[in-house]
Amino acid sequence: MTRVSLAATASYLPERWMPAAEVAVASGVPEQVLVEKFALRGKHIAASDEHVSDMSVRACEALLAEAGVDPESIDVLMYFGSMWKDYAVWQAAPWIAHRIGATNAYAVEYDNVSCGTPVALRLAKDMLVAEPELRNVLLVGACRESYLLDYANVRSRFMFNFGDGAAAGLLVKGGERNELLGSHGVTDGSLSLQVKVARGGSVHMDDGYPFLDVDDPAAMKEQLDASSLRNFVRTADVALGRSGLTRSDVSYLCALHMKRSMHIALCEALGVDPAHAGVLDDTGHMSGVDTLLSLDRAARAETLRDGDVVLLLAAGTGYTWAASVIRWGPFA
């Protein structure tokens with residue numbers, strides 16, 4: 001059986017930090033509500049000339065330098081971040097690979113929404129298992145969606161926590177520690193048209209609202225209230241089952257940034273102590289970046305112990321729920 005390990009992680013956050021008080025002024029949402037309900041103390045904002053490719057390069061370069069990896073040894077570079085990139089109808093992965101010196105890498109694009117990390121881990125593992133000649137995959141995702149917010153639009157209020165940043169991870173065939181185990185995903189396509197940027201696609205190439213918007217917030221909330229927690233748990237259970245594990249085995253939860261009440265409900269449903277779950281209240285939500293950033297932080301803080309089972313759990317508009325499982329520490 002081919003084993004795949006997460007050999008290294010790294011992240012990058014832009015210098016500018018927008019505190020909740022500033023978000024409150026821009027949006028009219030009280031600071032106390034942002035902090036207590038939205039779980040947002042503040043978030044990082046990319047510079048005006050700083051794009052997803054730039055942040056991806058910073059995260060990749062940090063990982064390669066810290067891990068002592070020659071960029072020319074990278075077999076595959078996979079971009080899995082936000083679909084809103086430097087240019088429309090354009091791939092970020094080849095440009096990122098070129099800029100970091102990964103001259104031998106096959107650049108592949110899996111740009112997606114907030115379910116990014118668990119699905120990218122799943123796809124990258126599948127590639128490594130299926131293709132004997134591949135040795136590694138460098139994953140990187142970035143988000144700059146703070147620039148897609150119209151703080152005057154109450155329909156998009158739940159997205160006012162969107163911030164900017166990047167995270168990278170190196171998956172290797174074999175390795176010695178941090179084995180990537182099972183993954184799973186669930187999709188409810190009935191919600192597909194609810195959240196989008198209308199302008200720029202073939203339906204509204206040159207017209208339409210140019211920011212993130214929600215067609216019917218009340219209807220979307222009603223449907224998600226009835227299904228989201230259930231789908232999170234269902235996805236986690238299948239991923240854990242494919243790993244030969246159950247909820248009781250989970251040691252640490254790396255979930256995407258979400259409102260505080262959902263975070264607590266999710267921990268309770270999974271039987272995870274909230275103290276053993278990453279909280280990104282100083283970064284907000286960064287599309288598919290969240291779960292990998294949470295893992296990177298936990299690893300750097302030495303929160304994770306050998307033998308810990310880490311559950312990475314995310315969901316993205318569309319609507320897709322996804323999970324991946326990592327057993328931290330040396331291979332058994």
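Predicted model: local features only at pLDDT ≥ 70, side-chain atom pairs only at ≥ 80, totals over all residues.
In which strand is the place of N178?

**View 1. Residue N178 and its backbone angle in strand β8.** N178 is found in strand β8, which comprises residues 177–187. Although N178 is not a glycine, its phi is positive, at about 60°. Most residues other than glycine have a negative phi. With a relative accessible area of 4%, N178 is under the 20% cut-off and is therefore buried.

**View 2. Residue A39 in the loop between α2 and β3.** The loop that holds A39 runs between α2 (31–36) and β3 (42–45). A39 has a positive phi of about 55°, although A39 is not a glycine. The relative accessible area of A39 is 5%, so this residue counts as buried.

**View 3. The cis peptide bond between G318 and Y319.** G318 and Y319 are joined by a cis peptide bond, with omega at about 0°. Most peptide bonds are trans. Y319 belongs to the loop between β12 (309–316) and β13 (320–330).

**View 4. Helix α5, residues 116–130.** Helix α5 has 15 residues, and at 1.5 Å a residue it should span 21 Å. The C-alpha atoms at its ends are 21 Å apart, in agreement with that expectation. Buried residues in α5 include G116, T117, P118, V119, A120 and L121. Further along α5, A124, K125, M127 and L128 are also buried.

How values were computed:
Residues numbered from 1 in each chain as written. Heavy atoms only, no water. Helix = DSSP H or I, 4+ residues; strand = E, 2+ residues; numbered from the N terminus. Expected span 1.5 Å × (residues − 1). Buried < 20%, exposed > 50% of the residue type's maximum accessible area, 1.4 Å probe, protein only.
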